[in-house]
Every structure is written in C-alpha cells, then in structure tokens.
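Try each task yourself before reading the solution.

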Amino acid sequence: MGIVLAQNYYVYQTPLGRITIAASKDAITRLAFGETVFEGTRLASSLTNMAANQLQEYLAGKRMQFDLPLFAQGTAFQQRVWNEVAKIPYGHTQSYSEVAAAIGNPKATRAVGMANNKNPLPILIPCHRVIGAQGKPVGYAGGLKIKEFLLDLERKALASHS
C-alpha cells in the first residue's frame, strides 16, 4: 500500500478527553490525542465510528483487543517495531530493550523509543505497553499520565476477568 492521501477524520469525546481518528476508505490511519486537523475532510465515517466505539469499550475495560483494519505509515524499521509492539498481550509490558531484541536489533533501544514516539495509532498499536528498563512507564506521546492510566486500566480489567 502506498501513501494514504484521501482520508476523513473526526473528533470523538472519550474518558481521556478528545481523540481524533482518521481513516482512508479501507483502514484507520491515524489516532491523535486532542482535537487535531488531518489532511482530508472532517467527517465521521463507518470506520472512524467503529474505531471510536471499540475505543470506548476498551476504555471501559470491556474490550481487550481491537478488531479494526489498520494502516500505520512509517519506515521499514518503524513497521518492524510497531508489528512487534502489536504482539504485546493486553495487560502485559515489555521494555524497550526487549522489543529491540525481539526485532533482531538488541542495540536499537533508543531507536525503538523513537519509533514508538512516531506511532500514528497509539492505543490501537499499544506502544503504552513498552516501558523503561527499570519497569517504570517512561515517555509517551500522549503524556505519562495517559500511559499510566492505560496500563492501570489493563491491569485492573485483566484482574477482574480472571
């Protein structure tokens, strides 16, 4: 798939505040914290509404995985990182160095952090599950409070489902 140009986006209210979701005709392409203007038309679609509904279920602790077509545009390295991050199970975490090792590049810890920072689909590609070497949440494009909220939400939901 090449560059995604034609898209629409819409701003939704969530327990985390406003979140902007963008989609092409085939996939969710961006998710941003706050009210963001993306290229394209500000208009909800069946895909952005589906993503918003699944996000609301997730934030209510009722959904543990998303069932959405996703297209995250990035470099080959970023794609490898995001594909690996997408494998981290709900309620679990991995360190940046563990992700770097899993993609076959154990010295790329900082580069993994930068790829996470550029993740165009936070929450949907769960980069909040990647933590520092000391087991503490560090760095998150949406802010550490949101990262901690998401990790806590998943731990509590997992505990209540077991």
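A word on the ground rules first. This is a predicted model, so to speak: local features need pLDDT of at least 70, side-chain atom pairs count only at pLDDT 80 or more, and totals for chains, interfaces and linings use all residues. Residues are numbered from 1 along each chain as its sequence is written, and side-chain values use heavy atoms, with hydrogens and water left out.

**Exercise 1.** Work out how many helices and strands the chain has, and their pattern along the sequence.

Step 1: take DSSP runs, numbered from the N terminus, with helices as H or I of at least four residues and strands as E of at least two. Step 2: count them, and you get 5 helices and 6 strands. Step 3: read along the sequence to find β-β-β-β-α-α-β-α-α-β-α.

**Exercise 2.** Check the radius of gyration of the chain against that of a compact globule.

Step 1: the rule is 2.2 Å times the number of residues to the power 0.38, and the radius is taken over C-alpha atoms. Step 2: for 162 residues a compact globule would be near 15 Å; the chain has 15 Å, so the two agree. Step 3: for the extents, the C-alpha trace spans about 40 × 40 × 25 Å along its principal axes.

**Exercise 3.** Find which residues touch the most other members of the largest nonpolar core, and which element gives the most to this core.

Step 1: collect buried (under 20% relative accessible area, 1.4 Å probe, protein chains only) Ala, Val, Leu, Ile, Met, Phe, Trp, Tyr and Cys residues joined through side-chain atoms within 4.5 Å. Step 2: the largest such core has 38 residues, and I21, I28, Y58, V81, V85 and L150 touch the most other members. Step 3: elements giving two or more residues include β2 (17-23), β3 (28-33) and α5 (144-161), while α1 gives the most, with 6 residues. Step 4: leaving aside neighbours within four places in sequence, V85 is in contact (heavy atoms within 4.5 Å) with V99, N116, I125, P126, C127 and V130.

**Exercise 4.** Describe the surroundings of Q79.

Step 1: Step 2: with a relative accessible area of 26%, Q79 is partly exposed, a class that lies between buried and exposed (over 50%). Step 3: outside four places in sequence, Q79 is in contact with A72, Q73 and G74. Step 4: the C-alpha atoms of Q79 and A115 are separated by 8.5 Å, with the two residues 36 apart along the chain.
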